[in-house]
Amino acid sequence: MKITFDWLKDHLKTNLKEKNLLEQLTNIGLEVESVENLSSDNQLFKVAKIIKTEKHPNADRLKVCDVNVGEKELKKVVCGATNASEGLITIYAPPGAIIPKTNTKLEIAKIRGVTSYGMLCSESELNLSDESDGITELSKKYEKNIGKSYFSKSKSNLIDLSITPNRPDCLGVKGIARDLAASGFGRLIASKEKKIKFKTKQTLKVKINKEKGQGCSAFGSCLIKNVKNTESPQWLKDKLISVGQKPISAIVDITNYVMLDINRPLHAYDADKIEKGIIIRNSKSGEEFTALDNKIYKLEKGMCVISDNKGVLGLGGIIGGTRSGTEFDTKNILLESAYFDPRSIRNTAKKLNLDTDAKFRFERGIDPLSIETGLKKAASLIQEICGGEVSKIDIQKIESYKTKTINFDVNSFENIVGFKISEKEIQRILTDLGFVIKKEKKFLKLTIPTWRPDISQQIDIIEELVRISGYDKIKTIDPIKDRSKSTLTQTQRLFHFLQRAIASKGYLETITWSFTDQSYNDHFRETNKEIKIVNPISSELGVLRNSIFSNLIMYMSKNLDRGFKDLSIFEIGPVFTGSNPGEQKTVVSGLSAGKKSRLSWIDKERNIDLFDAKRDVVQTLSEAGYDSDHFFIDSKTPNYYHPGKSGRIFLDHSKDKVAAYFGEIHPNILKKIDIKTENLIGFEIFLENLKLSRKTLKDQKLKFSVSDFQKSERDFAFVVNKDVEAQELVSVISNVSPNLISNIKVFDVYEGENIPDNQKSIAISITIQSSEKTLNDKDLEKINNSIIEAVENKTGAKIRS
Amino acid sequence: MSDLKKIRDEFISKLKGKLDLAELNQIKSDLFGKNGLVSSQFKKIGIIDFSERKKFASDLNIIKDELQDLINLKINEIEKANINEKLEKEKIDVTLPERSFVKGKIHPVSQTIDEISSIFSEIGFSVEEGPDVENEYNNFTALNTPDNHPARDMHDTFYLDDKKERLLRTHTSPVQIRTMLKDKPPFKIIAPGRTYRSDSDQTHSPMFHQVEGLNIDKNINMGHLKGCLNYFIKEFFEVKKIKMRFRPSHFPFTEPSAEVDIGYEINDGKIIIGEGNQWLEILGCGMVHPNVLKNVKVDPTKFQGYAFGIGIDRLAMLKYGINDLRAFFDCDYRWLNHFGFDPLDVPTNYRGLSR
């Protein structure tokens, strides 16, 4: 909502300064978005006199003028106007000025070989009038103003307020003045209604159809005959220009003025173009009309239209139609002032994607009792400016407005707000805001002003009172440092632990969008449902991600393109399995590219591989409290991993839920998205699949026990078929004598010379230790034999001698 | 001259010569080995005449000590010389680079969330969460923003179906609804998380982060709200004093509602929070609307309280001098490295929020 202090003063008597005004507006909840001085730009336009004109050497229709702009030297300006002649006083725009009509900035330019320093302006170029034939001609009176700015400097700044959607009353200058007055900023000037002589009857028949979903509950109108629509008088033009509106014609300007002044939208029809009478009805499906924005709208069933015998004239409360619009030659007008239901307005405007000043106001709720006030105010102005005879006012209604009351308990204020104001002050504020108060025994009975559709219950009254009293009066009650419930749940703690554990292994944490490019998502979607966003910001962000990889790989690729080769990134966040609330999982997902020890003088350079990722995952899980000795690992992984170079981890042999995947990203995907790296390794840890221990950390710690008896380390090498996994051997060995075998470590795998073609040798170091005695050679021999026997029997391995 | 003195003199003179480690060990063994000269003398003690035995034993011990000490001294000298010689050869250029290491980082948004949680933890808030996909009821209707309410225009919503029933939550406020439906009052929670609006330019990103706060109890009023936020802002920006302004505003789910501005000034191109004459809007808040409480079956005549919503990304930008919101989600290695935090820098109450 744009206002000026000057306009406010039409309704507000005050001696306070604009600076105070700006503060006060914000303090009472009418936030000042910006303040600008419109006139600063047009101060460049100067009164000037043409001293001499010459024909342009290279163009017949152009003249080169020497112009006195109040400086020592005359300016050379090229001009094409026929009326540019010696002695003419006109308006000069220097280089740097912005021409209001075209919004273009002037520059020193060569016109057909002659340099022109600025421009002489027509009235239309300055938005003074539509006169574009020739340059502005000023009277001799301006002789003394040569060199001075043509436009007078406006005293009033344009103040742009951000009015919250609950305050339609403040979409009129008067409403703002009322709020200010209630807060002690000046005094509200009572509006004077001008007496008009209503000579005739309103002869145009108006009917509101009583039908289901009728969006119009009251329609007021009056006919004004024999008007002469002209340009608006200067005061009215100035007023509209001062808030950034463009004057059009007196009748349109007056309706706009009344709307801005008291938030009463009106519409003027050319009465002669209305066929018989006005019918307000629901639209039929497929009806069409051309609106004042020169677009043709095709209507759906049930929209509130103003129509006549021939068809739709306009969309009630939203936009009028060209068929019945007023023009300069309009003689008889019908002035409309109606009440439209906010829901109906909003539905229609949304379906047709239409936004107008009237729609903005009606959807927020117009004062239903302003129908007559608005008509009178506009009619008297029209009569004053355009002449004509005003008919009596006709108001059709299908339901009548009932005033609403609230019982307000004055004690409730302190209870919510924390400080107290006197009942007297309460009454004063509410009265100033337009409430009618009746004092009852235990409460105040308040009649809500008709312009306040936002107020319906006690809490709304409290809001009014604290807003007007000032939020600065609210005390600051310091919080008490007391905690009765733990801040994070166990799952949340695990989330934070995993996040920092992965980061501590050299991964940069990223946060990427929850949506992604469908083509990237498809690589990682597997059998998941694609979840489309109906209205995405762009087609590349059209689906919710089924995997974090889709985004990570995209950003990994971007970083590689930036020239970084060795990089590890990760994200912890949601992936989506369906489009219902809760159909999401929390995943920690990491990607690494490039080499380890690139360009190292000391270590051997190698490609990053899946065992790097496996280490990061296993170490992280183990740090988070899961015993890696119990992990079960196999090679069944989703298709986006390299089938032979990836694995999944279960927390134990029950293989209940997959705790994590790790491995190389499938080479086909790398090829398709053309990512430039030697290698790309990824992992995913599924937070929800990690069982939470019911024990706290202090209960989880096992009793500390170590054996001081001598331990013995033995190495074994088994030859097994190639498809036998190392884990199998380890698992067999760990079951041989769990009390005596304290550690099993695979330290070598060998294929090649001395080993049959389809076999491999696995070397394992086993630590044997008893907690009861030092084992003697005989004992050890016995265990060795059982280990060999068990491995050979269960895995088909042969001990290598 | 006794045997003992002879042995002594002979070996003392031997030991004075230049000897290597092997020669010394040979001497040691000649003297103290199983059948060494000194060792065999000790065996004599038992058979010597009683009258001389005491003196003999004493002389023998003196000689033994003397020779032993001398040998040890010599050995030590040689070992020391050997080590010195070895050290001389082993000198390496320590200015060569160490084995390479990589530093991981925590994203500034994650760090900020942890800072926020740490601050609110102190005053008794616990952390709640809700899903990113919400239904229309939790995101709007239950929050007193019925269909066709103009306030819905302020939220450019991403929808997941044509009926507009499922959507990406436009704010963290639906967590209020979920929390209150799940439990019984009192409630004292914060809910940080991802939020979405179909808006994208320099200062708007289609995804951003908010933290919701909710405190419902029997006697919570606007003074508590002011005190809580004043405390939070001071702690978060790690300043002693903060210039803060509560301004009336409107949100459908709170009444009365306020927007909170903090004072700032720009000094040498750097923003200084808490001072100066400029105001910066950082959050919205208010007393939870009775209609919202009714919607979640909490009796508004018995319980009341406040709620607030803060933009996390915005807070991080202000605190850490980050200019561009879009960069948060661009994953530029250089940016993450620069603005990221060491994973060991966990914000806590006792060690402080930041270094």
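Start by selecting strand β5 (residues 63-68) of chain A together with β6(A): five bridges join the two, and they run antiparallel. Strands here are DSSP runs of E with at least two residues, helices are runs of H or I with at least four, and both are numbered from the N terminus. Within this pair, A:Val64 has A:Val78 of β6(A) as its bridge partner.

The model is predicted: local features need pLDDT of at least 70, side-chain atom pairs count only at pLDDT 80 or more, and totals for chains, interfaces and linings use all residues. Residues are numbered from 1 along each chain as its sequence is written, while chains are lettered from A and ligands numbered from 1 in the order in which they are written.

Now select helix α4 (residues 173-182) of chain A. Nine of its ten residues are buried, so the helix is largely enclosed by the rest of the structure. Buried means 20 or more other C-beta atoms within 10 Å of the residue's own, with C-beta atoms placed from the backbone. Among the buried residues are A:Ile176, A:Arg178 and A:Asp179. A:Gly184 follows α4(A) and has a positive phi, near 95 degrees.

Finally, show chain B: 81 residues of chain A are in contact with 70 residues of chain B, contact being C-beta atoms, placed from the backbone, within 7 Å. α12(A) gives the most to the side of chain A that touches chain B, with six residues.

Note on methods. Buried ≥ 20, exposed ≤ 12 C-beta atoms within 10 Å, placed from the backbone. Pairing = 2+ DSSP bridges. Contact = placed C-beta atoms within 7 Å.
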